[in-house]
Amino acid sequence: MLIREQVGDDEFKPYLGFFNSLFKNAELKPAITLAYLTEILPIMKDMVQSKLNTFDEYNMLRIGSFAEYTGFTTGEAKSLCERYGRDFELCKSWYDGYELEDFEIYNPQAVIKACVTGKFISYWSKTSSYKVVAEKIRMNLAGTKEDVITMMGGERVDVNVKKYDNTMTGFDSKDDVFTYLIHLGYLAYDEKEGQCYIPNREIYNEWEKVVESDENYAETDKIIKASKQLLRDTIAKNEETVASSLDNWHGDVLFVGVNYDVESKKHECKIEKFVKSL
């Protein structure tokens with residue numbers, strides 16, 4: 001919406017007038033059966049709010065009865081995997097993770113492309129730039145960086161989503177930053193626990209790009225790369241190398257974890273947080 005941009009009164013006042021003419025006009029009201037507005041972020045909390053207070057608003061924090069229509073449900077994603085002969089569990093690890101009401105929601109575009117091509121990779125970068133994330137977390141407001149590292153370790157962090165004014169510039173706290181990223185899909189939100197987290201492997205890849213490209217995260221990137229090498233050495237049973245790596249990273253956070261599927265005989269990396277105790 002235009003309201004999110006830095007515009008002058010010459011554009012802003014006619015914009016507000018347009019909403020007044022639509023929703024605050026007694027003569028026009030009987031002629032409107034339905035008005036539908038769509039965008040990524042919720043309606044901005046400022047003077048324009050009164051022009052839109054007749055709307056029922058649905059978003060990633062309060063989706064209500066529209067949860068199952070926000071993306072593919074588990075049933076829909078599984079059905080597509082069966083139709084194309086794709087590994088559903090792999091699809092789930094890559095594109096699931098958004099908990100909306102009682103539904104697990106998948107990225108629909110990614111599921112379709114993965115099913116058609118047979119390649120389970122990140123398709124997120126084709127539609128959205130990781131720079132959006134990088135610019136926000138670079139602020140490192142009140143421990144933002146530490147919380148990002150925690151989430152990359154597979155954990156969840158508390159977030160207060162009620163203070164955010166739904167702007168693209170007015171970030172006063174890390175809660176504002178994380179709430180913004182929840183609306184964009186870079187984080188998922190657990191409403192019951194009031195926590196945010198990285199939902200799946202596709203989105204984790206986008207966060208990895210941020211860590212790799214931001215000098216403020218240079219040490220974090222170093223730890224992550226070392227942990228991946230440790231994982232490879234562990235799978236290969238390189239005992240001496242593993243022992244040496246643990247000694248080198250004594251006391252540091254390592255992202256380590258591996259699942260082994262007996263039926264497929266495949267190893268799958270699961271990002272876990274591990275702290276080598278003193």
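This is a short walk through the structure, a predicted model, one selection at a time.

**Stop 1: helix H6.** Select residues 144-152. With 7 of its 9 residues buried, H6 is largely enclosed by the rest of the structure. The buried ones are Thr144, Asp147, Val148, Ile149, Thr150, Met151 and Met152.

**Stop 2: from H6 to H7.** Asp147 sits in H6 and Lys174 in H7, so the pair ties together parts that are 27 residues apart in sequence. Asp147 counts as buried because its relative accessibility is 12%, under the 20% limit.

**Stop 3: the largest nonpolar core.** Now show Phe178, Leu181, Ile182, Leu187, Cys196, Ile198 and Trp207: of the 34 residues in this core, these touch the most other members. The elements that each give two or more residues include strand E1 (98-100), H5 (131-137), H6 and H8 (201-213). H7 gives the most, with 6 residues. Centre on Ile198 next; beyond its neighbours within four places in sequence, Ile198 is in contact with Met151, Met152, Leu187, Ile203, Tyr204 and Trp207. While you're in this view, look for a second, separate core of 15 residues, with Phe72, Ala77, Ala110 and Tyr123 among them.

Stop 4: Select Arg156 and Asp190, whose closest N and O atoms are 2.9 Å apart in a salt bridge. Arg156 is in the loop between H6 and strand E3 (157-158), while Asp190 is in strand E4, 34 residues apart. Arg156 is partly exposed at 31% relative accessible area, whereas Asp190 is buried at 12%.

**Stop 5: helix H3.** Jump to residues 88-95, where Phe88, Cys91, Ser93, Trp94 and Tyr95 are buried. At the start of the helix, a side-chain oxygen of Asp87 comes within 3.0 Å of the backbone nitrogen of Glu89. Lys92 pairs with Asp96 in a salt bridge, closest N and O atoms 2.9 Å apart; Lys92 is partly exposed at 30% relative accessibility, and Asp96 is buried at 4%. Just after H3, Gly97 has a positive phi of about 115°.

**Stop 6: out to the surface.** Finish with Tyr58, Phe66 and Tyr69, a nonpolar surface patch with about 360 Å² of accessible area together. Phe66 lies in the loop between H1 (9-23) and H2 (74-84), and is partly exposed at 40% relative accessibility.

How values were computed. Residues numbered from 1 in each chain as written. Predicted model: local features only at pLDDT ≥ 70, side-chain atom pairs only at ≥ 80, totals over all residues. Heavy atoms only, no water. Buried < 20%, exposed > 50% of the residue type's maximum accessible area, 1.4 Å probe, protein only. Helix = DSSP H or I, 4+ residues; strand = E, 2+ residues; numbered from the N terminus. Core = buried A, V, L, I, M, F, W, Y, C linked by side-chain atoms within 4.5 Å. Contact = heavy atoms within 4.5 Å. Patch = residues over 30% accessible without salt bridge, like charges linked within 9 Å, V, L, I, M, F, W, Y side chains within 5 Å. Areas by Shrake-Rupley, 256 points an atom, 1.4 Å probe, with all protein chains shown as cover. Salt bridge = Lys/Arg side-chain N within 4 Å of Asp/Glu carboxyl O. Polar contact = N/O pair within 3.5 Å; in protein donor to acceptor, adjacent residues only side chain to side chain.
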